[in-house]
Amino acid sequence: MTVSENKGYFLVCPRCNSNFKDNGYKLICDSCIKEEIRVILKFAPLYSPEINKNVSGLARYYDFLPAHPSTDIGVLLKTIRSNNFAKKYGFKKLFFTCTGYSQKLNINCVTASFKELEAISVLNRLIQFKNDKPLLLSSAGNTARAFSYHAAKYHYPVIIIIPGNSRNYLWLPDENGLHENVRKYVKAIFVEQPGTYFDASSLARLISIRLGKQLVDEGGLFNVGRMCGLGLCAINFYDEIEEFPDHYIQAVGSAAGPLSALRAYEMLDKKKALTINYHIVQNYPYTPLADAIENNRDFSSDGYLHNIDTACAPMLTSGDSALNYPGGIKEEMNLGTVFRGYRATNEEIYEMQYEFWKLENLQIGLPAAAALVGLLKAKAKGRINSNDITQVNITGLGDLEIKRKNGFFYIPSLFREPVKQNICSDKNKFNSWFKEELLVF
Ligand SMILES: [Zn+2]
């Protein structure tokens, strides 16, 4: 797999304005890190990115990515106007940007999650600079599925650390040859229950320290590849509706999604991007970021972590957030852009999933249902009016449909036994557990 030539870009530090050439995996500002300050680097293209109206599928948006595949990728997402749901709840201009699998919508994102946009962007960014070191990441479900699928397709080695309670989300469609390539290129390590995403991240950090430059960190919200990939949900909205929304709603873990939507809208029109109201939703009782935004305080997961595994949507349980880092959400709020936070309970999320099926005849994932719960709460609080142009990011749909169509298999675990929770946090226990062959692909 080769990537096409891109038109050139820099990575810019939002704090000290340093410019950097990319190497495919750069995640930090060299100056700021000397003061032990991490920043969210910005993607700064040396051209004006445009939607390519002459092609179809994801290729329309390649200007907005640091790197892209040379082969054609089909239609992964689509923005549709709501009918029945809008009518019932009193919205006149309600739109859903849908990523996933649906024959009815003619979208073909086979892992049924918008995280494919991220995986395609991050992996091609590495490939563009001819990197071949294993990519390390931790994930509570959707990200792991998307990276496993595309890593197998691109023959790029990945190591993924996953909490045991996310096992159910680790399926892949049974495509020809996929299982064999997943075995070859994907090392999935599970943390024993009640280990959470927090433990998985801790284990990833220990592996990263131990193996150093022998692998590359995916870096989560610090990866411009991730941010630009997720931002395509915003570009798709503008492409299909030809307007900017008044409101953008998404259920989140770290809120990389809404921040990347803001950055993507900025590439289209800097001023308009800042007038959009961004509504973020989390799964109660794990709502550290929604609460921090709503109460205008700094992000902290203290007081929430003991509840982390009672949320029904583990993909919404990040231990970190895009709020306080330079280049993050707080800076945008201080400049006047509106961000709001909402809580969605497990019960509300499950009810909404069924409600959406009844009204729009689309089978959505739990995070998308959480976003819709937030939408109705925002309207009830008078923060969204009936006439406002409102975009809801339906971050995943159609997993049952693709599973039924293709069949599916679970991503195999690297080890016979899941990793014990205390190995993730205790350096000595980690050192006696660790084996060098982790790196042998
Ligand atoms: Zn800097």
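**Exercise 1. Is Phe237 buried or exposed, going by its C-beta neighbours inside 10 Å?**

Before we start, note that this is a predicted model, in which local features need pLDDT of at least 70, side-chain atom pairs count only at pLDDT 80 or more, and totals for chains, interfaces and linings use all residues. Residues are numbered from 1 along each chain as its sequence is written.

*Solution.* 
- Step 1: recall the cut-offs. A residue is buried if 20 or more other C-beta atoms lie within 10 Å of its own, exposed if 12 or fewer, and partly exposed in between, with C-beta atoms placed from the backbone.
- Step 2: apply them. Phe237 has 26 C-beta neighbours inside 10 Å, so Phe237 counts as buried.
- Step 3: Phe237 sits in helix H7 (residues 232–241); helices (H or I, at least four residues) and strands (E, at least two) are DSSP runs, numbered from the N terminus.
- Step 4: list its contacts. Leaving out residues up to four places away in sequence, Phe237 touches Thr79, Phe95, Thr97, Pro245 and Gln391; contact means that the C-beta atoms, placed from the backbone, lie within 7 Å.

**Exercise 2. Describe how helix H3 packs with helix H4.**

*Solution.* 
- Step 1: find the geometry. H3 (residues 142–154) and H4 (residues 178–185) pack at an angle of about 95°, and their axes are 8 Å apart. Axes are lines fitted to C-alpha atoms, for helices over the stretch in contact, and angles run from 0 to 180 degrees between N-to-C directions.
- Step 2: name the arrangement. That angle makes H3 roughly perpendicular to H4. The classes are roughly parallel under 35 degrees, roughly antiparallel over 145, roughly perpendicular from 65 to 115, and oblique for the rest.
- Step 3: find the residues. Ser148, Ala151 and Ala152 of H3 meet Leu178, Asn181, Val182 and Tyr185 of H4.
- Step 4: sort them. The contact of H3 with H4 has 5 nonpolar, 2 polar and no charged residues. Here Ala, Val, Leu, Ile, Met, Phe, Trp, Tyr, Cys and Pro count as nonpolar, Asp, Glu, Lys and Arg as charged, and the others, Gly among them, as polar.

**Exercise 3. Which strands stand at the edges of the open sheet of 4 strands?**

*Solution.* 
- Step 1: write the order. The sheet runs S10-S8-S7-S11, with parallel pairing; two strands pair if DSSP finds at least two bridges between them.
- Step 2: look at the ends. Strands S10 (186–191) and S11 (216–217) are at the edges, each with a single partner strand, so one side of each has no neighbour in the sheet.
- Step 3: S7 (residues 135–138) and S8 (residues 158–163) pair in the parallel sense over 4 bridges, and Leu137 has Ile160 in S8 as its bridge partner.

**Exercise 4. Locate two cis peptide bonds and a residue with a positive phi.**

*Solution.* 
- Step 1: Most residues other than glycine have a negative phi, and most peptide bonds are trans.
- Step 2: take the peptide bonds. Gln193 and Pro194 are joined by a cis bond with omega of about 5°, and Pro194 is in the loop between S10 and helix H5 (197–211).
- Step 3: take the phi angle. Glu36 is not a glycine, yet its phi is positive, about 60°. Glu36 lies in the loop between strand S2 (19–20) and strand S3 (42–45).
- Step 4: return to the count. With 6 other C-beta atoms within 10 Å, Glu36 is exposed.

Terms used. Two residues are in contact if their C-beta atoms, placed from the backbone, lie within 7 Å.
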